[in-house]
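Subject: Structure for you to look at

Hello,

Here is the structure I said I would pass on. My notes on it follow below.

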Amino acid sequence: MSLKCIPLLFLNMGGEMIYILQQRLQAQNISEEKATRVLTDVLYNFLNEKFMKEIFKLQVICSNQIMRILFEKLANCSIMRLNETSMHKLYDLITMVCKYQLQLSSSPKQLAMITLNHLDGIRKILPNDATLGQLLDKTHHLVGSIDARVNVSILLRSNKQLNTGRFILFPNGNYKLPFGGNPPGQIQYFKDFGIIRTEVFPIRDYSINYESCESKVFFY
C-alpha cells in the first residue's frame with residue numbers, strides 16, 4: 001500500500017467534514033459570529049502547520065478506528081460538541097462521500113485535483129481570514145510536493161528508477177493482469193448486461209509479457 005495515502009485521505013475527508021459542519025450550522029440557524037468561530041477553530045486545527053508536516057511524512061495508512069478518533073477530536077475542538085450518534089453519522093457520511101469520489105477517479109492526477117478542489121472550497125468558506133489563507137497556501141504546496149521526483153540510489157542500482165526520477169514498474173517485462181483481466185488487444189461493447197460486439201486491434205509492443213492473476217481482490 002502506498003506510503004503517501006494519508007495526506008490525500010485526510011485532506012479529502014477533512015474537506016468534506018468542513019462542508020458538512022458548515023451546512024449543519026446554517027440549517028440550525030446558528031448566528032454568523034458563532035458559526036465563524038466554530039469553523040475557524042476547526043480549520044486552524046485541521047490545517048495546523050506542524051500537524052500537516054506530520055501528516056505528509058511517508059507512513060503506513062492508519063486504521064479506520066484511528067482515523068475516526070482523529071476526526072472526532074477535530075470536530076469537537078471548538079465550542080461545538082457532537083454527541084456519539086451525530087459523530088457516527090458525520091464520519092459515515094464523509095467516509096462514503098470520499099469513497100465515491102475516489103472510485104470515480106481514473107488516474108492519480110485526478111486524486112490530486114480532487115484534493116486541491118477541497119482546499120479551494122475551504123478557502124471560500126472564510127475568504128477574509130488571512131491566517132487561514134496562509135495555512136491553505138502551505139498545504140497546497142505540500143500537496144504539490146507529492147508529485148516530486150527524487151532519485152534514490154538503491155532504486156537506481158536495482159533498475160527500479162530512471163535518472164529522471166520516474167519508476168520502472170515492470171523492469172523484466174512481465175505485467176500481472178488483475179483478476180479476470182485480459183491483455184490489451186480487444187474492445188468489448190456491452191448492452192443490457194451482455195456483450196454485443198468485440199473488436200480486435202494489433203499490439204505492436206511485444207516486449208511485455210502479460211501474466212494472468214489467480215487471486216481475487218475485493219473492494220469494500
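Which residue caps the N-terminal end of α7? Asp129 does, with a side-chain oxygen 3.1 Å from the backbone nitrogen of Thr131. That pair is a polar contact (N or O atoms within 3.5 Å; within protein, one must be able to donate a hydrogen and the other to accept it, and residues adjacent in sequence count only if both atoms are side-chain atoms).

Before the rest, some ground rules. This is a predicted model, in which local features need pLDDT of at least 70 and side-chain atom pairs count only at pLDDT 80 or more, while totals for chains, interfaces and linings use all residues. Residues are numbered from 1 along each chain as its sequence is written, and side-chain values use heavy atoms, with hydrogens and water left out. Helices (H or I, at least four residues) are DSSP runs, numbered from the N terminus.

Helix α7 covers residues 130–145. Its 16 residues should span 22 Å at 1.5 Å a residue, and the end C-alpha atoms are 23 Å apart, which agrees. The expected span is 1.5 Å times one less than the number of residues.

Leu132, Gly133, Leu135, Leu136, Thr139 and Val143 of α7 are buried. Buried means under 20% relative accessible area, exposed over 50%, and partly exposed in between (1.4 Å probe, protein chains only). Seen down the axis of α7, the buried residues fall within an arc of 160°, so they line one face of the helix; the arc is that of the directions from the helix axis to the C-beta atoms. An α-helix has 3.6 residues a turn, so residues three or four places apart point the same way. The face of α7 turned away from the buried side carries the exposed residues Ala130, Gln134, His141 and Gly144.

What do the buried residues of α7 pack against? They pack against α1 (5–27), α2 (32–46), α3 (49–55) and α6 (108–125), where contact means heavy atoms within 4.5 Å.

Helix α6 has 18 residues and reaches 27 Å from its first C-alpha to its last, close to the 26 Å expected. Its buried residues, including Ile114, Leu116 and His118, pack against α1, α2, α5 (84–104) and α7.

On cysteines, the count of disulfides (pairs of cysteine sulfur atoms within 2.5 Å) comes to zero. For Cys77, the nearest cysteine sulfur, that of Cys62, is 18 Å away. Cys77 counts as partly exposed because its relative accessibility is 28%.

Regards

Key: Helices (H or I, at least four residues) and strands (E, at least two) are DSSP runs, numbered from the N terminus.
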